[in-house]
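Here is my notebook page, written for anyone new to reading structures. Have a look at the model first, then follow my entries.

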Amino acid sequence: MKRIALGLAAVLLSTAAAQAGDLFAVAYGNTVTQTAPDGSKTVIYVNADKTWEQHRGGKVFKGTYAWKDDTHACFTMTDPAPADASQATNCDEIKGDHKVGDTWTETMPDGKTQITMAITAGR
């Protein structure tokens, strides 16, 4: 679940979207791609109806998100439902100032692993 949530949290949004009050607005209708050090890719879609979808390794994961406060979003995986329901939800801080066309790096929760994030126009 950590990898899923990090990918979504790393969408990290434009100043215009933040000013409009919706930190994920830049992701709606666009594609967020997360590339791991081994070259594997995860494609993430974030939707205005507070759902998300992630494609990784030939599998599709789906869920919902809700804002805990102004800068923290909580992501719940609903499909497939996790075997351990206590692992279904993960909350992450949303920070940054990225827009469509940007590529940047993020550090995973282990504090060592770097991933590359990109947001591209369209789906």
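Entry on the sheet. I looked up the strands (DSSP runs of E, at least two residues, numbered from the N terminus) and found eight of them in an open, antiparallel sheet, ordered E6-E5-E4-E3-E2-E1-E8-E7. I count two strands as paired if DSSP finds at least two bridges between them. Strand E6 (89-93) and strand E7 (103-107) are the edges: each has a single partner strand, so one side of each has no neighbour in the sheet. On average, neighbouring strands are turned by 30 degrees against each other, direction ignored; the axes are lines fitted to C-alpha atoms, and angles run from 0 to 180 degrees between N-to-C directions.

Entry on sources. The model is predicted, so I note that local features need pLDDT of at least 70, side-chain atom pairs count only at pLDDT 80 or more, and totals for chains, interfaces and linings use all residues. Residues are numbered from 1 along each chain as its sequence is written, and side-chain values use heavy atoms, with hydrogens and water left out.

Entry on one pair. Strand E1 (residues 31-35) runs antiparallel to strand E8 (residues 114-120), and five bridges join them. I picked out Thr33, whose bridge partner in E8 is Ala118.

Entry on Asp49. I found Asp49 in the loop between strand E2 (41-46) and strand E3 (51-56). Its C-alpha lies 8.6 Å from that of Thr64, and the two residues are 15 apart in sequence.

Entry on charges. I found one salt bridge (a side-chain nitrogen of Lys or Arg within 4 Å of a carboxyl oxygen of Asp or Glu) in the count. Lys99 forms a salt bridge with Asp102, with the closest N and O atoms 3.5 Å apart.

Definitions and conventions. Helices (H or I, at least four residues) and strands (E, at least two) are DSSP runs, numbered from the N terminus.
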